[in-house]
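Student: Could you take me through a close look at one part of this predicted model, and then tell me how far the rest can be read?

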Amino acid sequence: MTVTKRNVVGGSVVTELLKHPHLYHVRAITRDPSKPKAQQLAAQGVELCRADLEGNRETLTAALAGADVIYALTDFWQKRSAAAEIEQGKAIVDAAAGVVTLQHFIWSALPDPVALSDGKYLNVHHWKGKSLVTEYIQTQKPDLWAKTTTILFPNYFENTLTDPQRYLPVKDAKGTYTLKFPHSPQTVLPNVAIRDTGKLVHHVLEARSTYFTKTIAFWAQALSEAEKLAEMGSYYNVPTRYQASSAREFQELLMTRDGMSEDIALDFTEQLLIFESCGNVYACEKFVQAKDVSQSHARFY
């Protein structure tokens, strides 16, 4: 079992698979095995392999050699570049396609924002890049696609912890906690807990070929930001106010408050507007719903 570990989502998969040592030997790919997080994995029994996704592809090929399963993901926000993410994704795909022992490839993806919005939103680059890598697997690596499962990741509940300035309300002079967001109070986002990623991946692996060439929409609850805010207010017994802002106001807020460039702020804003205009696109019938991925499929390699 090989896991390309690039953020906490990959970490969740590693944590889950380590619970089943009779099934998986986990190998994690990292740029720097000496870093504390990498060393923590090594202390848990994870084999560490150094690989370069942008430069020397031979290191990646060597790291993936002999794998039965590859769980792969890329991180747009690391470089904030769709071109860089596509390059990373294609490097992983090219290397995976050459692994003769490979039985299952799981690709962490996002939907095609242009197709979902009928061409309305053209600037959601951190979605589009991943969808182009998916298309690359389908069209250029058909043998790999035949044993690929794609998982679409949604909004994380943990965002309130990792980006509190963006997702948590701000207390004003009157003591009211206000949240500004470019959604109507009724617009929902699909949400999931990062820690459940590993559980889903384990179930998918148990199901063997059941989800080959399938796309799984991974979400647990559809909630609006207004609903979340109201629940927080009720739990902590504090006054709250939800303020729906215009897209331009929100984009400018991301630029001034969070230091995003204009292009990245537009990218982030438009992804939210997809749900405002198109509803919960993760509930689309063409996607397998994660809640339907059951252990009743359990079979093992």
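Tutor: Happy to! Helices here are DSSP runs of H or I with at least four residues, numbered from the N terminus. On that basis, A91 belongs to helix 5, which covers residues 82–97. Is A91 buried or exposed? A91 counts as buried, because its relative accessibility is 2% and the cut-off for buried is under 20%. Beyond its neighbours within four places in sequence, A91 has contacts with L53, R57 and L60. V293 lies 202 residues from A91 along the chain, and 29 Å separates the C-alpha atoms of the two.

Now to the cysteines. C49 has a relative accessibility of 14%, so C49 counts as buried. C278, by contrast, is partly exposed, with a relative accessible area of 34%.

As for confidence, the predicted chain has a mean pLDDT of 91, with 94% of its residues at 70 or more. Two stretches call for care. Over residues 1–8 pLDDT stays under 50, and the model has 45 contacts beyond four places in sequence for them. Over residues 295–301 pLDDT also stays under 50, with 20 such contacts. Where pLDDT is low, the predicted coordinates should not be read in detail.

Note on methods
Residues are numbered from 1 along each chain as its sequence is written. This is a predicted model: local features need pLDDT of at least 70, side-chain atom pairs count only at pLDDT 80 or more; totals for chains, interfaces and linings use all residues. Side-chain values use heavy atoms; hydrogens and water are left out. pLDDT is the predictor's confidence in each residue, from 0 to 100. Contact means heavy atoms within 4.5 Å. Helices (H or I, at least four residues) and strands (E, at least two) are DSSP runs, numbered from the N terminus. Buried means under 20% relative accessible area, exposed over 50%, partly exposed in between (1.4 Å probe, protein chains only).
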